[in-house]
Amino acid sequence: MTLDGQQPIIINRTDVNHNAVLGRYLINGPVECKSKDILIEELPFALGPKCNGPVLCLECFCPIQECTATTGTVENNVDSNEILPKTTNKNRCPDCGWPLCGECQEYKENIKYHRQYECRVFRNGKVKFFNMLSNNRLSCPQLDCITPLRVLLAKEANPERWEKEVAPMEYHDKERRANADIWHADLVNIAQYLRGPCKLAERFSEELIMQVVGILEVNAFEGRTLQGHSFRALYPITGILSHNCVPNTMRSIYPSEDYRIRLRAMVDLEPGQQLQHSYSYTLNGTAQRQEHLKAGKYFTCDCKRCKDPTELGTNFSTFKCSKCEDGWLLCRDPLDTNTEWKCTLCEFKTSNAAVQKALSVIQAEVADVQAMPMSGERLQETETLLKKYRVVLHPLHNIQISLKQNLIEMYGRVQGYEMVELPDVLLERKEEICRQVLRVLNVFEPGLSRTKATILYELHVPIVLLAKSGFIAGVLGGDKLKEKLEEAIAVLKECVDTLQHEDQQSHEGVLGLVAKQAMEQLMQSVEGLEGV
């Protein structure tokens, strides 16, 4: 049971296996599962703020921009592209004095976590909150203890669930100790803080606290509230999914339903088939994914995609050969940091160090453009970068795909490029880059995919507008117009079929409803064309 008495596991159609390489991992149960079927539905063991973050409300996780009581001056600022924080000198819990936004205080019935977990600890221990955020607003270390503390308190309230589900979770103690700076920071800011000022030394050992910190670091999932604020949560069953850079499951967190998680099959699954999720961003190249997994998950991925220099035929990390016209530069072994890169046509070879150096230069330039505010200028600069590096990178290289994703978002939205004003040539451009991104996503995220669904929604708009433009100009007849509109309907249907499984109050859930409305309107339009 959870602290509020709810059953933690609602659905579990999986079995647990174990081997020396993967440790514990999940497999599909004895019954075949179809795409979209729910495999697991569970409530979090605990949830709370991420580490190394700003001052935020301990209930809804909104950033809080505090003002001093004496001067009313702002103690920390936020960039213009961040979610605006709530600013008041009353954003403190009236019971313990720790961060709690005014809105949560006003609607006390919505407070389910702060007062149920850490509030009593801070109140009984007379632990004061100090905004230790410096002017460069890097982080507020005093809040790093919140989520580990919530796990520890949930352990006391749910000892059976802890022993059965949480305690066996991997926490890579040896590997984490090897990073002395981070280990020491966690030891001081979390373990020693909870045992010292918070007066919990008799309840929780230093070893146990550091185990919890490791369990969260290795196994917790990050999510967003309905308002878009980040949090992390620990789901003991879903959290032991093994990794693959081409996953066969998709998880969705439902903030409006007590932050429950639902794990669905992305594709049809055979009985006993291993369940896999991607713990890295699937639209990163192999080198980036490997670096992320080693740093945060402490393992090297050797999946089929990672071992393939072409990344399953997509050429997602492929360079253009600089010595011949039609050759592509591929590494011999993507998992070897000292690997050699060789052209597919000529005899040109180069070192991995040289390739990574060139890549870092390109990534720095891309980062500068992506840091610009959304505007027509940024759109133009993005197109310039794409043109500049098309003689260096494969068209489907991960950097090119990233830039194209940015363009998909900007075409139709930024000033000077609003959708109703886009000429046919730019509508064709948006359609083209949508299809290129989808080519990659169909390989890396087959079946049920949120990312793919959002691109599909973007794709339907130029299809429809170009079809209507062609019909008005007399280029398309009624039959061809109907064919194009039916294509847009099929695109939207795939989008809706994916997003209908999201929290209906989330950004993705709302987009799914909008897509459904657009699909129904197009279906009516097609019916009106009968006989034209």
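Partly exposed means a relative accessible area between the buried limit, under 20%, and the exposed limit, over 50%. Keep in mind that this is a predicted model.

Start with R203. Its relative accessible area is 43%, so R203 is partly exposed. E156 sits in helix 3 and R203 in the loop between helix 6 (180–195) and helix 7 (206–219), so the pair ties together parts 47 residues apart in sequence. E156 is partly exposed too, at 38%.

Stay with helix 3, residues 146–157, and select helix 2, residues 118–125. The two pack at an angle of about 100°, with axes 10 Å apart. That makes helix 2 roughly perpendicular to helix 3. Show E118, V121 and F122 on helix 2, then I146, L149, R150 and L153 on helix 3: these make the contact. By class, 5 are nonpolar, 2 are charged and none is polar.

Next, select R115 and D95. Their side chains meet in a salt bridge at 3.5 Å, N to O. R115 is in the loop between helix 1 (102–106) and helix 2, and D95 in the loop between strand 7 (86–88) and helix 1, so the bridge ties together parts 20 residues apart in sequence.

Move on to R450 and E502, a salt bridge at 3.1 Å, N to O. Which of the two is buried? E502 is buried, at 6% relative accessible area, while R450 is partly exposed at 23%.

The structure holds 29 salt bridges.

Terms used
Residues are numbered from 1 along each chain as its sequence is written. This is a predicted model: local features need pLDDT of at least 70, side-chain atom pairs count only at pLDDT 80 or more; totals for chains, interfaces and linings use all residues. Side-chain values use heavy atoms; hydrogens and water are left out. Axes are lines fitted to C-alpha atoms, for helices over the stretch in contact, and angles run from 0 to 180 degrees between N-to-C directions. Helices (H or I, at least four residues) and strands (E, at least two) are DSSP runs, numbered from the N terminus. Angles under 35 degrees count as roughly parallel, over 145 as roughly antiparallel, 65 to 115 as roughly perpendicular and the rest as oblique. Contact means heavy atoms within 4.5 Å. Ala, Val, Leu, Ile, Met, Phe, Trp, Tyr, Cys and Pro count as nonpolar, Asp, Glu, Lys and Arg as charged, and the others, Gly among them, as polar. A salt bridge is a side-chain nitrogen of Lys or Arg within 4 Å of a carboxyl oxygen of Asp or Glu. Buried means under 20% relative accessible area, exposed over 50%, partly exposed in between (1.4 Å probe, protein chains only).
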